[in-house]
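Q: Could you walk me through this model, starting with where the annotations sit and then going into the packing?

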Amino acid sequence: MNNINLVSHPLIEHKLAILRDKNTKPFHFRMLIDEITSYLLYESTKDLTLKEVSINTPIIKTKAKKINQKIMICPILRAALGMLDSVFKLIPDASVGFLGFARDEQTLESKLYFQKLPKDASSRVAIIIDPMFATGSTAINACDLLKKYGVKDIKFISLVASPIGLENFNKFHKDVKIYVASIDECLNENGYIVPGLGDAGDRVFNTL
């Protein structure tokens with residue numbers, strides 16, 4: 001699957017080990033989510049194009065380069081809110097398109113319950129963020145929705161993914177590049193990633 005990018009780095013591996021630990025406290029969990037997201041966002045934006053601009057430094061007027069595209073970050077509610085601060089640190093002028101999906105615990109399928117996209121969403125590079133890439137249902141539906149609104153350039157960032165989820169996703173959206181910190185072993189009977197890190201939303205917001 002050529003669109004799947006496993007971002008491997010010793011610091012990511014180290015931070016993932018702490019993130020997975022059930023004894024990691026919520027404040028530390030949130031900090032690690034933030035840090036790992038930064039690494040993934042850095043990798044996912046390497047192909048952005050630049051434009052030349054004129055600026056005035058304290059010394060002279062000179063030429064510099066700035067990002068040419070407008071960017072829209074699409075957090076999947078609610079767990080991805082823990083990743084959003086990291087995005088704003090690197091891309092402070094990014095727009096946000098909120099996507100709310102709820103998972104049916106019986107079918108493991110996701111259903112849209114909320115969306116709020118910028119009016120110019122179709123002209124932006126969309127980066128969907130979600131800590132967990134489990135069955136792939138939410139990712140598929142999120143990309144379906146963005147494409148329905150005319151978004152052409154979509155990327156997906158997730159911390160931990162399952163092989164079956166990535167396989168399911170690629171049946172529908174091979175054109176979307178995915179950036180993950182880990183591809184785990186499998187899903188259990190409840191649709192949770194194994195070994196995974198539990199329910200990311202509950203751990204981010206301390207609602208266990």
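Q: Before that, what kind of model is it, and how are residues numbered?

A: It is a predicted model, in which local features need pLDDT of at least 70 and side-chain atom pairs count only at pLDDT 80 or more, while totals for chains, interfaces and linings use all residues. Residues are numbered from 1 along each chain as its sequence is written, and side-chain values use heavy atoms, with hydrogens and water left out.

Q: Which residues does the UniProt domain annotation cover?

A: The unreviewed UniProt entry gives "domain: Phosphoribosyltransferase" for residues 7–207; UniProt positions are in the numbering used here, feature names are shortened, and annotations may be inferred rather than shown by experiment. In the model that span is 33% helix and 31% strand, with its end C-alpha atoms 29 Å apart. Helices (H or I, at least four residues) and strands (E, at least two) are DSSP runs numbered from the N terminus.

Q: Which residues touch the most other members in the largest nonpolar core?

A: Leu19, Ile36, Ile73, Ile127, Ile129, Ile157 and Leu159 do, out of 34 residues in that core. A nonpolar core is a set of buried Ala, Val, Leu, Ile, Met, Phe, Trp, Tyr and Cys residues joined through side-chain atoms within 4.5 Å. Buried means under 20% relative accessible area, exposed over 50%, and partly exposed in between, with a 1.4 Å probe and protein chains only.

Q: And which elements give two or more residues to it?

A: Those are helices H1 (10–20), H2 (26–44), H3 (81–90) and H6 (200–205), together with strands E4 (71–77), E8 (125–129), E10 (154–161) and E11 (177–183). H2 supplies the largest share, 6 residues. Apart from this core lies another, of 26 residues, including Ile4, Met72, Cys74 and Leu99.

Q: What does Ile36 touch?

A: Leaving out residues up to four places away in sequence, Ile36 touches Ile12, Lys15, Leu16, Leu19, Leu159 and Ala181, where contact means heavy atoms within 4.5 Å.

Q: Switching to H3, which of its residues are buried?

A: Gly82, Met83, Leu84, Ser86 and Val87 are buried in H3, and the buried residues of this helix pack against H2, E4, strand E6 (98–103), E8, E10 and H6.

Q: There's a serine in that list; what does the side chain of Ser86 reach?

A: The Ser86 side chain reaches the backbone oxygen of Asp34 at 2.9 Å, and Ser86 itself has a relative accessible area of 0%. Beyond its neighbours within four places in sequence, Ser86 is in contact with Asp34, Thr37, Ser38 and Leu41.

Q: Where does UniProt put the binding site?

A: The unreviewed entry places a "binding site" feature at Ile193, Gly198, Asp199 and Ala200, and the lining of the largest pocket includes Ile193, Gly198, Asp199 and Ala200. On a 1 Å grid over the protein atoms alone, a pocket is an open set of points where a 1.4 Å probe fits, with protein on both sides within 12 Å along at least five of seven lines, and lining residues have an atom within 4 Å of a point.

Q: Are Gly198 and Ala200 buried or exposed, or in between?

A: Gly198, in the loop between strand E13 (193–194) and H6, is partly exposed at 39% relative accessibility. Ala200 is in helix H6 and is buried, with a relative accessible area of 2%; leaving out residues up to four places away in sequence, Ala200 touches Phe29, Ala79, Pro131 and Met132.

Q: How many disulfides are there?

A: The search of the whole structure finds 0 disulfides, a disulfide being a pair of cysteine sulfur atoms within 2.5 Å. For Cys74 the nearest cysteine sulfur is that of Cys143, 9.3 Å away. Cys74 is buried at 0% relative accessibility, and Cys143 is also buried, with a relative accessible area of 0%.

Q: Last one, what does Asn170 do?

A: Asn170 is in helix H5 (residues 163–170) and counts as buried at 6% relative accessibility. Its side chain makes a polar contact with the side chain of Asn3 (2.8 Å); a polar contact is a pair of N or O atoms within 3.5 Å, and within protein one must be able to donate a hydrogen and the other to accept it, while residues adjacent in sequence count only if both atoms are side-chain atoms.
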